[in-house]
Structures are given as C-alpha cells and as structure tokens.
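Trainee: Please take one part of this model and look at it closely. I would like the contact between the chains, and then what lies behind it.

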Amino acid sequence: MARYFIRRVLSLIPTLFIVITLSFFLIRIAPGGPFARERDVPEAILQNLMKRYHMDEPLFKQYLRYMKDIIRWDFGPSYRYRDLTVNEIIDRGLPVSMSLGVISLTLAAVGGIAVGIISALKQNRWQDYVAVSVAVIGISVPLFVMGPVLQLVFGMKLKILPIGQWISTNGIKAVILPAVTLSFPYFAYIARLSRASILEVLRSDYIRTARAKGLKESVVVWKHVLKGALLPVVTYLGPAFSGIVVGSIVIESVFLVPGIGRPFVQSALNRDYTLIMAEVVVYSVILIIANLVVDVIYGLLDPRISYK
Amino acid sequence: MSDEVILQVKDLKTYFTVDEGVVKAVDGVSFDLHKGETLGIVGESGSGKSVTNLSIINLISTPPGKIAGGEVLFHGKDLLKMPPHEIREIRGNKISMIFQDPMTSLNPFLRISTQMVETIVLHQKIDKKAAKEKAIEMLKLAGIPAPEKRIDQYPHQFSGGMRQRVMIAMGLSCNPEILIADEPTSALDVTIQAQILELMRELTRKLGTAVILITHSLGVVAGMCDTICVMYAGRIVERGRTEEIFESPRHPYTQGLIRSVPRLDQETKERLYSIPGQPPNVIDLPDCCPFYPRCERAMDICKKKYPPVVSFENNQSASCWLYGKEAQNV
C-alpha cells in the first residue's frame, strides 16, 4: 500500500513534465500573443516588451528558461497584470476558490447522498418524485440564473444574507449564497447517481440474503447497501473536486468572489502565457492528487481491490 | 422425519403484475412439511419453485409481486399475516435460506465474520465474542479448513464451493427448524455439488432440520429427499414419496422428466428423450391443463379445464385427466 502510494506520487513528475511541455508549445501555436491589441503597438515599444519578457529569444530557449523557473515553483510575471507575479495571483485567488469549492462539494455530497438514499428507498412514491424533480432542476438551471435568483430572494427581499463579496468584507455569511449556488448542480448529479446505484444494489443477491437473515431494513441499508452503492459517487467526486476548486468564473462574477476562476479564464482570452501555464500546472496537480485519493478511498471501501 | 407438521402451505398464490398482464408465478400451491423431513421441489426454470419459497418467508418484492392468497402456517401461525418485526424474528432464525449463486449471495464488502456474527447476535441474543466462536464452530462443521483464520477474510477470498459452505454454515448457525435451499448446487461444478449435498444432508440430519430443497435436477432429489413435489407452470402437478415418484410416476410431465435423465446402466442406441416444446408463458393462462400442448396423451378435456387432484395409494397424488375415473370417484 505505502509503496503503491509512493509510486503514484512519483508518477506525478513525468505526467506533469509532459503536460507542461505540450501546453507550452500549444499555447504558442495559437494565433495572437499577450501584447496583441486592437490598435497596433508601435514597433519600438513592442520590441522592448518582447525583450523585457524574453520573448525575442528562440522558442526552445524560452522553454528551457520556463522549465528552470517552474522547478522552483516560480511561474514568472503575469503579462497582463503588470504589477503582479503569477504566484501572487494564485496565492490570492486559489485559497478562496479552494475553500468555496470544498464547502460546496461537501454540501453537494452530503445532501446528494441523503436525497439519493431517500428517493431510492421510496422509489416511485412522492418523496422520490420530489427528489428527482429537484435534481432535474439542479442540472438544467444554469448557475447564472440560480445565483441572481438566490441573491434576489435572500439578499434583496429577505435581507438575511449578503448579496456578494467574500469573508474579508462581509464575514462568514458571505460564503452561504455562492456555496449553495455552486453546489447545486453537483448536488443534483450526486443525488441521481446515488439513487441509481442504491437501486441497483438493493436488487442484488446479497441484499436478498441480508433480508433472509432477518435483519432490519435500516441495518440492511446502512450496513449492506451503502458501502457498495457509494463507489460510483466516490469515482465522480475525484474529477468533480479538481474541477470545482480551480474556481468558477460564473460564481465569481455573479457574487464578486475574489477567486482564481476569473483570472484563469481571462488569461486564456488575453494569451497571458504564464498565467495559462500556471492554470494548467495547478489543475493537473490537483486532478492527479484527487484521483490518487479516490483510488485510496476505493481500496478502503472495496476489499476486492488491493494495491501492491 | 416425524408426523409433526411444522409448516403448512395452503393454496398459496403469488402474482406479479407486469405491463403484459398478470404473471401467476405461483397459483394455488399447497404442501405440508414435517419435522426433520427433506422435501424436494422439482421443476423447470420459471415453474414457480423459487417464488414459492420466497413467498414462504414473505420476501417477495412488492411491487411488482404480490401474495394474492393463501396461508403459510408455521406452527399454526400464518407467516403472511405477521407484522414485519415478528417475521424478521423467524427469518434466519427458525427458517433460513441459502441461494443458488454463492458467488453473489454473500456481501462482497463485508468480512465473513461480520456477516455471520450479525445473524447470530441478532437471533441468539449473545455477545459478539461468543457469536464469533459459534460462527467458527459452524464453519468447522461445514468443512472449512482453518476457520479461525478464514472467518476474517472476505468472500472473494473463497472459492464457489467454499462460499456455499459458508452460506450453509450461516444458514444453520441459529439451529433453524427449516432450511430452504434454492438450487444450492446449480452454480457449482459436479464434484463440488456432491460434496455440498452430502454436507447439507449430514448437517441437517445431525441438527434435525427440515429441508425444502428446490432443484431442477432429479438426480439431486433422488439422493436427498424423502418426498417430492413436481411443479409445472406455478402449480404442483404431482407429489409423493421419492420411491413412488421414481417407480410409478403418474403425471405425464413427471414421466417425461424421468425419461429425460440419461441412464448409464441401460445400453441403448436411442437418442436421449426430451419433452417436446417449451414451458408455457404464465401470463393470463386460461383454465386448462398447462401441460397439454406438450403432452403425448392429451385429450379434449385437457384444453377445457384444469384437472383435479387425484390421490393414489401411499399418499401419492397427481393432477391429470388421465385418471378421470378416479377423479370422479374422489
């Protein structure tokens, strides 16, 4: 188990190397550049800019320079936010997006699994129909509709929650609306997923055995059904986690949350090479670690899986 | 086997409502089970054997299933009318079940010890430690080598035959009065089949457990059972003591079943006999003998009305119009 774990962590290095190399060249193939504007910059200024950011050097030399920096976890200066290094942008935004993401995903997982259990046990009764309808709404209503509606109801009409901004300005209450909004589609998907897999396990032979042994229905569900039924949910949580913690431009725009999602998306539009690269690296690291954690949880849940 | 009847199934009817209509999986089944008796229920797939036995301990999933009528009297009390908490005290305790596929019948996520101990603790009201000792003792009886080590393993670490031994050990761990074995050997290979059957016979004799053995194999019932019920399309078409059924089968279906067993002791160049046709679809079956389309001796009346039960000597009985004269006399 420990050896497996170490091997998986070490495999992060070649994976990252490939990801960084590919993205470095791919971005530069894309037309445009960080200093391309609607109005042309005078030639002399452009030359100076290129020189300042070492973009006048041959591409391969730039690549080596970048790799040397990245080993020291130095992402370089942002080409667009002139006063900031990419490290500063990440250090400011990522913790915000991380905490918002973790809170939302926890809400989504707890709520989704609970609703999934209820609707599976009450299949085709009113509780199930309500849960399924809520899930369909959750999946189909976009965040930029859900967010403003919640702002209108809880911020403007009831005046019990701040409409936007983050903990530093509005206190801990500021987390509630963005977290709930962001969690909703995840909640809905997890509810559907757990409902389906609980229903499948409920029909299995070993559940019939458990009932034939005279166990109470509650024991059957908690002890015999859930462990197996939650495996697909765990599988889903890995990629969902890495997607949610790198921020959401919609949530950050609607609620003015100073997260990392907006800078990341804009970096792509601005051809802010260093920031794009940082996004790629951060996202890859989180995704790889999240998948590793999922595999470890899998091994704990399912005794048939063993890691060597 | 004594004369004391411990389980009486009376006119049991279990129907399933599906889009195409009502499936009468079990349609008026009655039989008695005596203390220590081994009763075989034989029939093709879909004849209602398994549904009958799931109905006995009220484990039919509703919907789509529904027990539409009848009584299951266990020591005189109707299991079908019992509130859930009372029947739960009987399941796994007084009446336990083992199933066809040992590969899927144990929970793959829980240790054997967890699965056995929970049953024993639940029904015997003893602490976990004592229950584990009891479980180890049962595994030993069931022929599991090194049970004190193997009990803490997971089902996937056991072979199919070993898992069925675990199921038997678990099924018998609370000294049930009745063990219902639903095709316990159908998923195992032949050498293991014989071992498992021998184990069941030995243990149930030792503990005085009555057995309802569901199977499609006449070979299995011949070796194991005191009495046999032959089921076809949701009803019992013939019943009797094992020797009588094999010596003088009365129903053409039973005769066909016995003829279709390959015999090594008779030299013959004939092809192996098989009953022509397929079992009927039991959705909205008309009032006729369901076997008549496949029956070599079918008569006009067979298409019009379900035959009554005709009794013969030695408690043998069959439902067939061939014995119409006797039928009128009864």
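Mentor: The contact takes 18 residues from chain A and 23 residues from chain B; two residues are in contact if their C-beta atoms, placed from the backbone, lie within 7 Å. On the chain A side, helix H10 (205–212) and helix H11 (217–229) are the elements that give two or more residues. Helices are DSSP runs of H or I, at least four residues, numbered from the N terminus. H10(A) supplies the largest share of that side, 7 residues. By class, the chain A side has 5 nonpolar, 5 polar and 8 charged residues. Ala, Val, Leu, Ile, Met, Phe, Trp, Tyr, Cys and Pro count as nonpolar, Asp, Glu, Lys and Arg as charged, and the others, Gly among them, as polar.

This is a predicted model: local features need pLDDT of at least 70, side-chain atom pairs count only at pLDDT 80 or more, and totals for chains, interfaces and linings use all residues. Residues are numbered from 1 along each chain as its sequence is written, with chains lettered from A and ligands numbered from 1 in the order in which they are written.

Now turn to Arg195(A). Arg195(A) sits in helix H9 (residues 176–202) of chain A. Arg195(A) is buried, because 25 other C-beta atoms lie within 10 Å; the cut-offs are 20 or more for buried, 12 or fewer for exposed, and partly exposed in between, with C-beta atoms placed from the backbone. Leaving out residues up to four places away in sequence, Arg195(A) touches Gly116(A), Ser119(A) and Ala120(A). Its C-alpha atom is separated by 8.8 Å from that of Ala229(A), 34 residues apart along the chain.
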